[in-house]
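Let's take a friendly walk through a protein chain. Have a look at the sequence and the structure, and then we will go through some of the details together.

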Amino acid sequence: LGSFYELSPEVISEALIEIPGARIHPTSEPMPPLDQVVSERFPELAVFVEDDRSPMLRRLDLIESALEHVLESEVRKILGGDPFTVGIILSYFVLKAREVRRIVGMLNRRRYGFRSRERMS
């Protein structure tokens, strides 16, 4: 592995396969901000980057949302599969824990007067 770190940029450039539209070399133009990219490519996730919180919290919300989506899709796959596996029981517990978390979150928001998008820390 150490030999890969010693390769020159020219050797690396020759070994790369070109992908149309991909930038290999850094350019003088800056990358678009995260909120612009998300708003253009994933409008349903734009709500996570268009608020007044710090960029780090917005990114964490975006990552958390993506991971929740992956977890839900995997749980749904397991529930649709063989009914005689331990995955069915684990999927049930994952869904039940998520349901309890949502209910407790709604009750806390109502009790403490938070808006729906604010999170309890």
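## How confident is the prediction?

In which helix of the chain is confidence lowest, and in which is confidence highest? This is a predicted model, and its confidence is lowest in helix α1 (residues 2-5), at a mean of 67. Confidence is highest in α5, at a mean of 90.

Across the chain, the average pLDDT is 77, and 72% of the residues score at least 70. Keep one caution in mind: where pLDDT is low, the predicted coordinates should not be read in detail.

## Checking helix α4

Helix α4 covers residues 55-79.

Some α4 residues are tucked away from the surface: R58, D61, L62 and V75 are buried.

Now turn to S91, which sits in helix α5 (residues 86-112). Is S91 buried or exposed? Its relative accessible area is 2%, so S91 is buried, as this is under the 20% cut-off. Leaving out residues up to four places away in sequence, S91 touches V75, I78 and L79. One of these, V75, is itself buried in α4.

R98 also belongs to helix α5. With a relative accessibility of 8%, R98 counts as buried too. Which residues does R98 touch, beyond those up to four places away in sequence? They are E68 and E72. With E72 there is also a polar contact of 3.2 Å between the side chains of R98 and E72.

Conventions
Residues numbered from 1 in each chain as written. Predicted model: local features only at pLDDT ≥ 70, side-chain atom pairs only at ≥ 80, totals over all residues. Heavy atoms only, no water. Helix = DSSP H or I, 4+ residues; strand = E, 2+ residues; numbered from the N terminus. Buried < 20%, exposed > 50% of the residue type's maximum accessible area, 1.4 Å probe, protein only. Contact = heavy atoms within 4.5 Å. Polar contact = N/O pair within 3.5 Å; in protein donor to acceptor, adjacent residues only side chain to side chain. Expected span 1.5 Å × (residues − 1). pLDDT = per-residue confidence, 0-100.
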